[in-house]
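Thank you all for making time this morning.

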Amino acid sequence: MHTPRSRVLLAVLGLATSVSFAQNAQPDQVERIDLLSQSTPTAYEGHMVITVQVQTVEQLEAVMDLAESAWTERPGLGQVALQIHRDNLEAISKLGVHPAIQIADLQAHNQSNWETLVQQERLDIANQTGAHRPVQQLNRGASTHDESWFDNYKQLADIYAYMDIQLAAHPDLISKADIGDTIESRDIFAYTITAPDEPGNLAEDRPVIIWNGGQHAREWVSPMTVTYIASKLIDDADSDPEVAALLSSVRFVIINVLNPDGYLYTWSNERYWRKNRRDNAGSSFDGVDLNRNWDSTEFAGDGTSSDPSSDVYHGGSPFSEPESSALRDLAISYGDDLASHIDYHTYSQLILWPLGYATGLVTPEPDRTNFINLSGDMSSLIQSISGVYYDPIQSWQLYAAAGTCSDWFYEDRGVTSFTMELRPDEGAGFDGFSPPASIILPTAQENWEAAKLFAARTTQAMSLSHATPETVDADTPNEVVLTISDGISEPDPSTVTLHARIGSAGAFSASSMTDNGSSTFVGNLPATPCGQSIEYYFSADALSGASLTYPINGNSSPLTTLSQVITIAFEDMMESDAGWTVGQPSDTATTGVWERANPELTDAQPEDDHTPGAGTLCWITDASAGTSVGNFDIDGGATTLTSPTLDSAAAGDGAELVYWRWYSNNAGASPNEDSMLVQISTNNGGTWSELETVTENAGQWVEKRFPVPSSDQLRVRFIASDLGSGSIVEAGVDDLRIESVGCPSNSADLNGDGNLNFLDVSLFLNLFGSQDPIADFTGDGQWNFLDVSAFLAAFGAG
């Protein structure tokens, strides 16, 4: 039998592995692993990953004694993922826990992941992308957010370099502080993001939210997600009124990587290292679990270990580690200004709220209800965005664990503190700590939205939101909806007001909005002639007495929309059969064929169609969910969906094809290998040209618009394919229409200035006197009183 937790040999192997660092010094002298010269660390020879079904505490203790590491964040009764030496598999089987092999050869698995990192490094060097992108001259205030940066995992030096770019471009929004040193004397950085001082609103007086990642070294999705959130706070400061309001009222403090030593070690020596890098004197096993080292109730209690070889070793005493102490001291320094906190981890898709140090704990009211509501709303928001479910539960319900960060923030600091367990799901079927890099961006995007909700609910009296339409219908009142979410207070419904004006000058007219239920209020923008703009904003008072506007400073920086005539020539919301056809001779797909149906939720497919209100149907690549995400996705080739013949000429000049699409290809063993081709024909399918090739994995319905030529033989088709091996592909189409947006010209506007006045009358008389064809309004080749009458009729009609 293999000796349990045999880290002595692993430590020797780790020391024997030469660690090569890039020659170019990185910001703050942080080492960067030279992946091209570094050999794959060999720490996992003979190791495998299994899941077991634990039914008793005795079974749990026995199986943990035989494991190298727990891959479940808080091992308890039920399914537990374990890293073991293969020599111990037989002994574990005899415990009656029904082991199932997830990764048969962890070293080979690690080798494969390493080769992916090396391949990406070569591509970045060749293409001057990623960490090897040349540093450009930065313009202050310019956008520095880069979605593509989040396509792959990044080393510690790369994360710091990305944050330094934000600092250089946006010194008015972000500042950097060294909050302490690690056990190996590396700096721990915290970044404060907030708007500049305003009269009566100094930055130093604003409440503080702390978001940290990277307590556990191997959880690479965590620092990437926290970095994305920081980057979006800065990038959306000028474009998103909600973010602008938050930045003007909150100090966001971001610690991307709380455990820099451990994170670096996962790149250089042991990919699945969890703890910090303390040298435990008198023991051959290094490291302390930072998230068991906090001085919360029952330190060294449930879910911890006094054995230095354990992945949940709590350390010699509370805050024995400089990393946990640094974050503690930072939190204490804010005093009563500290409002809330999130600790980001992977994996399992959970939103955990305190308390969690012992089984059966009941969090005091009203906190318990507040935590249930907020975590539930965050979960619902994420699911509405990406279709992915995060289970909101009290942390001990997963498994009791003492000495955690979240418990300390709640007990000692008295603030709302959640632990986010990010993607993938516990039952994802692959390595939860090294999921495909394609999981990074959708995880970060969904958690960005949840983070904004968390910030608003824990710092604002209430939060106001509204989707601003680009255009509204001309010459008729247009309904607008304001959503008000409770924060630390709630709205006084009698004070919710819409302020609007036509054009950009003059006073705003105020009108009370109607409470529509479900936290929404409805008002009407004034009827406005085509081509004119409408400026507007909202105001509301909280019961606490606070007054808010949306957007912030709405009177001086209002929202704007344009009054237009919208002509719809064709519209199909897919609720009935409009003559679409499925299939073409070259199709070979065996599953996932297009059908018009109500989709069932999977990790790759939406739960609902796009049509607002009572709509249920859309075109989807097999609506069934099955028992796993890959049961009914596209397999075996292509499946084609073709529209009926459409008439774009009926929309007039400036016709556009508009549709909503869903596309997912970022799951499975070989993600991002496929695409969906969208084509258009103007001769009833005789020939086809490309509109777009879809590869984005938005995790939501996406609207697309394309100008189309005038044709009564227009057709469009969607060709979704699974040409790779092991990828999960799902696609959907809904709410297709052909429309034109604009202001129809008036034939009496002879000088084309958009206004009807004496200049047009004078020009008509001159043209009529010279018998110019333009003045022949009846088109009969004669110039007489009929033309004058037709001109006056057009002029009078406006």
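This is a predicted model: local features need pLDDT of at least 70, side-chain atom pairs count only at pLDDT 80 or more; totals for chains, interfaces and linings use all residues.

Residues are numbered from 1 along each chain as its sequence is written, and side-chain values use heavy atoms, with hydrogens and water left out.

Let me begin with the whole protein. It has 14 helices and 32 strands, where helices (H or I, at least four residues) and strands (E, at least two) are DSSP runs numbered from the N terminus. The C-alpha trace spans about 110 × 70 × 50 Å along its principal axes. For 798 residues, a compact globule would have a radius of gyration near 28 Å, and the protein's 31 Å agrees with that; the radius is taken over C-alpha atoms, and the globule rule is 2.2 Å times the number of residues to the power 0.38. Of the 798 residues, 54% are buried, and here buried means under 20% relative accessible area, exposed means over 50%, and partly exposed is in between, with a 1.4 Å probe and protein chains only.

Now to the charged pairs. A search of the whole structure finds 27 salt bridges, each being a side-chain nitrogen of Lys or Arg within 4 Å of a carboxyl oxygen of Asp or Glu. One of them joins Arg-661 and Glu-696, whose closest N and O atoms are 3.0 Å apart. This pair links distant parts of the chain, 35 residues apart, with Arg-661 in strand 27 (residues 655-668) and Glu-696 in the loop between strand 29 (689-694) and strand 30 (702-707). Arg-661 is buried, at a relative accessible area of 3%, whereas Glu-696 is partly exposed at 34%.

Which residues are linked in a network of salt bridges? They are Glu-656, Glu-703, Arg-705, Arg-737 and Glu-739. Within that group, the side chains of Glu-703 and Arg-737 meet at 3.4 Å, N to O. Because Glu-703 lies in strand 30 and Arg-737 in strand 32, this pair ties together parts that are 34 residues apart in sequence. Arg-737 also forms a salt bridge with Glu-739, with the closest N and O atoms 2.7 Å apart.

Accessible areas come from the Shrake-Rupley method with a 1.4 Å probe, and for residues only the protein chains shown count as cover. A nonpolar patch is formed by Ile-566, Ile-568 and Val-741, which together have about 200 Å² of accessible area. Val-741 is found in strand 32 (residues 727-742), and its relative accessible area of 33% makes it partly exposed.

A patch of negative charge gathers Glu-58, Glu-61, Asp-65 and Asp-307. For charges, Lys and Arg count as positive and Asp and Glu as negative, while His and the chain ends are not counted; the place of a charge is taken as NZ of Lys, CZ of Arg, CG of Asp or CD of Glu. Asp-307 is in the loop between helix 8 (260-268) and helix 9 (322-333), and it is partly exposed at 35%.

Finally, the backbone. Most residues other than glycine have a negative phi, and most peptide bonds are trans. In this model, a cis peptide bond joins Thr-346 and Tyr-347, with omega about 5°, and Tyr-347 has its place in strand 9 (residues 338-348). Ser-348, also found in strand 9, has a positive phi of about 135° although it is not a glycine, and it counts as buried at 9% relative accessibility. The peptide bond from Tyr-550 to Pro-551 is cis as well, with omega near -5°, and Pro-551 lies in the loop between strand 21 (547-550) and strand 22 (559-572). Glu-298, which is not a glycine, has a positive phi of about 60°; Glu-298 is found in the loop between helix 8 and helix 9 and is partly exposed at 45%.

Notes. Patches are made of residues with over 30% relative accessible area and no salt bridge: like charges are joined within 9 Å, nonpolar side chains (Val, Leu, Ile, Met, Phe, Trp, Tyr) within 5 Å.
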